[in-house]
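Please keep the viewer open as you read.

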Amino acid sequence: MIVAAGQFVVTPGWESNAQTCVSLMAQAAARQASLLVLPEALLARDDNDPHLSVKSAQELNGGFLRVLLDESRRNRLTTVLTVHVPSTQGRAVNTLVVLRGGEIIAQYAKLHMYDAFNIQESARVDAGNEVAPLIDVDGFKVGLMTCYDLRFPELAMKLALGGAQVLVLPAAWVRGPLKEQHWATLLSARALDTTCYLVAAGECGNKNIGQSRVIDPQGVTVAAAAEAPALIFADVNPERLAETREKLPVLRNRRFAAPQLL
């Protein structure tokens, strides 16, 4: 199965961002990708207004997703991204959506709020309270996570013990001392923890690092972007997955019960 991760600079205008997503979707479909992962919080972003993503929140039937769903009807591609959806006055839910065939086939409210490194996501965003069910993409079981979720290995493990073979991660990983090292290390660690492929897409504006990656079940980076807009591709190989899980059976060797989340 061919997977793709696309990264771009999110602008203050949702119409422009929607057209960029459509372009990346069309390019991925033309390359026969089955799965495309886009970054986190794609409605709007402004370096001078850290709360614009929440202020610009739209319902799932809003204009942004209608544009993407129109493109989704043109192919068999499964597209994963996140948007902010209004909740109460001045607040929103950071919502991962999965698009296929012109429909939203799954959604997930981000569990872990980014209340770290002098940022407090929870000040304006409501946390989710459920682990997302796995989705099927071309016979692979795919688990859903968002950005800061990467730092919590119990979520990735919960998904893997539930049958996930691929983990996806839309992100907007904030720049800062050692943050790029954290990103690379954690992506490889989660892949190794779970013996899953991991497809991560990062926003690449002035404040975020980009660096989208595809990691294989042995922690090897098989495709990577730098800090500029890019669309990367990799092959998710069932033989590589089976071989890894045969010689590195960490899911079978565990001595602890499955993580109890929520």
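This is a predicted model: local features need pLDDT of at least 70, side-chain atom pairs count only at pLDDT 80 or more; totals for chains, interfaces and linings use all residues.

Residues are numbered from 1 along each chain as its sequence is written, and side-chain values use heavy atoms, with hydrogens and water left out.

**Overall build**

Seven helices and 15 strands make up the secondary structure of the chain; these are DSSP runs (H or I, at least four residues, for helices; E, at least two, for strands), numbered from the N terminus. The radius of gyration is 17 Å, close to the 18 Å that the globule rule gives for 262 residues, so the chain is as compact as a globular protein of that length. Here the radius is taken over C-alpha atoms, and the rule is 2.2 Å times the number of residues to the power 0.38. Along the principal axes, the C-alpha atoms fill a box of roughly 50 × 40 × 30 Å.

Of the 262 residues, 53% are buried; buried means under 20% relative accessible area, exposed over 50%, and partly exposed in between (1.4 Å probe, protein chains only). Among contacts with a separation of 6 or more, 68% are between residues 24 or more positions apart, a contact being heavy atoms within 4.5 Å.

**Salt bridges**

The structure holds 13 salt bridges, each a side-chain nitrogen of Lys or Arg within 4 Å of a carboxyl oxygen of Asp or Glu. Three of them are listed here.

| Pair | N to O distance |
|---|---|
| Glu40 and Lys110 | 3.0 Å |
| Asp138 and Arg76 | 3.3 Å |
| Glu243 and Lys247 | 3.5 Å |

Glu40 sits in the loop between strand 2 (35–37) and helix 2 (52–55), and Lys110 in the loop between strand 5 (103–109) and strand 6 (115–116), so their bridge ties together parts that are 70 residues apart in sequence. Both Glu40 and Lys110 are buried.

Asp138 and Arg76 also link distant parts of the chain, 62 residues apart. Asp138 is partly exposed at 42% relative accessibility, while Arg76 is exposed at 66%.

Glu243 and Lys247 are four residues apart in helix 6 (residues 238–247), which means about one helical turn separates them. Glu243 is partly exposed at 39%, and Lys247 is exposed at 55%. Through shared partners, salt bridges join Asp216, Arg240, Glu243 and Lys247 into one network.
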